[in-house]
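User: I would like to learn how to read the features of a structure. Can we go through one step by step?
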Amino acid sequence: AQTVTQSQPEMSVQEAETVTLSCTYDTSENNYYLFWYKQPPSRQMILVIRQEAYKQQNATENRFSVNFQKAAKSFSLKISDSQLGDTAMYFCAFSTNAGKSTFGDGTTLTVKP
Amino acid sequence: DSGVTQTPKHLITATGQRVTLRCSPRSGDLSVYWYQQSLDQGLQFLIQYYNGEERAKGNILERFSAQQFPDLHSELNLSSLELGDSALYFCASSVTKGQYTGELFFGEGSRLTVL
């Protein structure tokens with residue numbers, strides 16, 4: 001069974017600074033996908049970034065980047081130049097090729113002005 | 001807009017009642033997932049359907065049931081409702097074969113309040 005662990009229930013960061021959210025997972029699969037989703041106060045679930053396990057290069061989307069350590073089963077999200085609009089709950093998620101998805105419990109991030 | 005449509009957006013009902021939540025997946029998506037999110041909590045996986053058949057089951061109560069129809073829309077039925085069933089219910093869809101990327105596309109959710 002797959003598990004996803006987000007060890008930081010809450011975090012805060014000053015506007016314009018950098019913050020890293022942690023995520024670890026456990027699986028016996030070799031091919032899989034990892035995601036970070038954002039849930040702002042509107043409660044809509046929005047994809048932030050995606051990483052295929054077979055790719056060694058870390059994914060980057062503008063101010064968002066990941067540090068994917070396959071051997072350590074670690075998938076952290078770095079947010080650079082934090083903006084007030086980044087305030088949200090962030091979920092780390094894992095998907096197998098069979099379509100099974102597992103989510104972590106989430107990290108609530110507050111960006112302070 | 002994710003392309004996933006959920007109705008109703010809001011629903012208020014009384015304990016003991018039964019409600020049906022509806023989900024239309026993105027065009028072409030074969031898989032539908034249902035998640036429950038209680039206030040300020042994480043996502044609890046309820047059930048997944050693929051092309052009309054149940055694919056995986058999570059922490060779904062026996063009072064809850066779901067199905068996926070031939071046109072691929074799905075319904076989640078909640079019966080004998082209790083106060084603790086008040087939550088945001090998300091539907092998500094994905095392309096499970098062909099162009100599968102693992103990404104889930106979420107609807108805006110149906111907020112159920114049980115009084």
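Analyst: Start with the salt bridge: a side-chain nitrogen of Lys or Arg within 4 Å of a carboxyl oxygen of Asp or Glu. Between chain B and chain A the count is one salt bridge. This is a predicted model, where local features need pLDDT of at least 70, side-chain atom pairs count only at pLDDT 80 or more, and totals for chains, interfaces and linings use all residues. Residues are numbered from 1 along each chain as its sequence is written, chains are lettered from A in the order in which they are written, and side-chain values use heavy atoms, with hydrogens and water left out.

User: Which residues form the salt bridge, and how far apart are the closest N and O atoms?

Analyst: Arg50(A) pairs with Glu103(B). Their closest N and O atoms are 2.8 Å apart.

User: Which elements give two or more residues to the side of chain B that touches chain A?

Analyst: Strands here are DSSP runs of E, at least two residues, numbered from the N terminus. Strand S4 (31-37) and strand S9 (87-94) of chain B are the ones. S4(B) gives the most, with three residues.

User: How is the size of an interface given?

Analyst: It is often given as the accessible area lost when the parts come together. Buried area is that loss for two parts, summed over both, with a 1.4 Å probe. For chain B and chain A it is about 1700 Å². Carbon and sulfur atoms give 49% of that area.

User: How many residues of each chain are in contact?

Analyst: Contact means heavy atoms within 4.5 Å. By that rule, 23 residues of chain B touch 19 residues of chain A.

User: How many aromatic pairs are there over all chains?

Analyst: Rings of Phe, Tyr and Trp (its six-membered ring) pair if their centres lie within 6.5 Å; planes under 30 degrees apart are stacked, over 60 edge-to-face, and the rest tilted. The whole structure has 15 such pairs.

User: Why is the pair of Phe35(A) and Tyr37(A) called tilted?

Analyst: Their planes are at 35 degrees, so the pair is tilted. The ring centres are 5.8 Å apart.

User: Are Phe35(A) and Tyr37(A) buried or exposed?

Analyst: Buried means under 20% relative accessible area, exposed over 50%, partly exposed in between (1.4 Å probe, protein chains only). Phe35(A) is buried at 0%, and Tyr37(A) is buried at 1%.

Note on methods. Helix = DSSP H or I, 4+ residues; strand = E, 2+ residues; numbered from the N terminus.
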